[in-house]
Amino acid sequence: MLDAYRDLIDELLSTPTEIRGLIQHTSDPSPEAVRLIAELRDHDLAVLARAQRMTREDAPYLAADQDLPHDARSATEILAEMEAARGDLVSLLINLSLKDWERTAIHPTRGELVLAEEIEEHVEFDEAQRVAIRNSLTQR
């Protein structure tokens, strides 16, 4: 079980490096790539907030997900923010006990959430975003 959680953390750790490498090899990232990176940052921030509540409170009732505005800054700036959010999330996850991975919360539209499932879903979202970012940068 612990190996599965380590694998999730490893997946999360590899994304910022991969995206930074892609951005460095592109002189002018497409607006689509910038938007996708901003979505990834926003998703990291949302998952981090939920994970923090789930580890601090017993079965908290979470707020519905809200769309965050995507600002029109450079890909490098948004990527730096994503890396900071990702670092905070990974730091939290590294320090969890096995019991913490099974903590639950109630979401108004998704029902009961288990922290491990929340992180698995985030890794899947992360993988899809990486593919989309890679495609948006290579199709120019």
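Modeller: Let's start with a word we'll need a lot: buried means under 20% relative accessible area, exposed means over 50%, and partly exposed is what lies in between. Asp 44 and Arg 86 both fall in the buried class. Keep in mind that this is a predicted model.

Biologist: Fine. What makes Asp 44 and Arg 86 a salt bridge?

Modeller: The rule asks for a side-chain nitrogen of Lys or Arg within 4 Å of a carboxyl oxygen of Asp or Glu. For Asp 44 and Arg 86 the N to O distance is 3.0 Å, so the pair qualifies.

Biologist: Which salt bridge does Glu 11 form with an arginine?

Modeller: Glu 11 pairs with Arg 130, and their closest N and O atoms are 3.4 Å apart. That is within 4 Å, so the label holds. Glu 11 sits in helix α1 and Arg 130 in helix α4 (residues 115-138), so this pair connects parts 119 residues apart in sequence.

Biologist: Are Glu 11 and Arg 130 buried or partly exposed?

Modeller: One of each. Arg 130 has a relative accessible area of 10%, which is under 20%, so Arg 130 is buried.

Biologist: What about Asp 3 and Arg 6: how far apart are they in helix α1?

Modeller: They are three residues apart, which means a separation of about one helical turn. Their side chains meet in a salt bridge at 3.6 Å, N to O. Asp 3 is exposed because its 52% is over the 50% mark, while Arg 6, at 47%, counts as partly exposed. A search of the whole structure finds 17 salt bridges.

Biologist: Now the rings. Why is the pair of Tyr 5 and Trp 101 called stacked?

Modeller: There is one aromatic pair by the rule used here. Ring centres must lie within 6.5 Å, and planes under 30 degrees apart count as stacked. The centres of Tyr 5 and Trp 101 are 4.1 Å apart and their planes are at 0 degrees, so the pair is stacked. Tyr 5 is in helix α1 and Trp 101 in the loop between α3 and β1 (104-107), 96 residues apart. Tyr 5 is buried at 3%, and Trp 101 is buried at 2%.

Biologist: How do you know that Thr 15 is buried?

Modeller: Its relative accessibility is 0%, so Thr 15 is under the 20% limit. Thr 15 belongs to helix α1. Setting aside neighbours within four places in sequence, Thr 15 is in contact with Leu 40, Arg 86, Asp 126 and Arg 130.

Biologist: What makes Ala 59 stand out in its phi?

Modeller: Phi of Ala 59 is near 45 degrees, a positive value in a residue other than glycine. Most residues other than glycine have a negative phi. Ala 59 lies in the loop between α2 (31-56) and α3 (75-94), and at 47% relative accessibility Ala 59 counts as partly exposed.

Biologist: And which residues form the nonpolar patch on the surface?

Modeller: Met 1, Leu 2 and Leu 98, with about 320 Å² of accessible area together. Met 1 comes in the segment before α1 (2-24), and its 67% is over 50%, so Met 1 counts as exposed.

Biologist: Zooming out, how do you know that the chain agrees with a compact globule?

Modeller: With 140 residues, a compact globule would have a radius of gyration near 14 Å; the chain has 16 Å, which agrees. The C-alpha trace spans about 45 × 30 × 20 Å along its principal axes. Buried residues make up 41% of the 140.

Biologist: In what order do the elements run?

Modeller: From the N terminus on, α-α-α-β-β-α, which comes to four helices and two strands.

Notes
Residues are numbered from 1 along each chain as its sequence is written. This is a predicted model: local features need pLDDT of at least 70, side-chain atom pairs count only at pLDDT 80 or more; totals for chains, interfaces and linings use all residues. Side-chain values use heavy atoms; hydrogens and water are left out. Patches are made of residues with over 30% relative accessible area and no salt bridge: like charges are joined within 9 Å, nonpolar side chains (Val, Leu, Ile, Met, Phe, Trp, Tyr) within 5 Å. Accessible areas come from the Shrake-Rupley method with a 1.4 Å probe; for residues, only the protein chains shown count as cover. Buried means under 20% relative accessible area, exposed over 50%, partly exposed in between (1.4 Å probe, protein chains only). The radius of gyration is taken over C-alpha atoms; the globule rule is 2.2 Å times the number of residues to the power 0.38. Rings of Phe, Tyr and Trp (its six-membered ring) pair if their centres lie within 6.5 Å; planes under 30 degrees apart count as stacked, over 60 as edge-to-face and the rest as tilted. Contact means heavy atoms within 4.5 Å.
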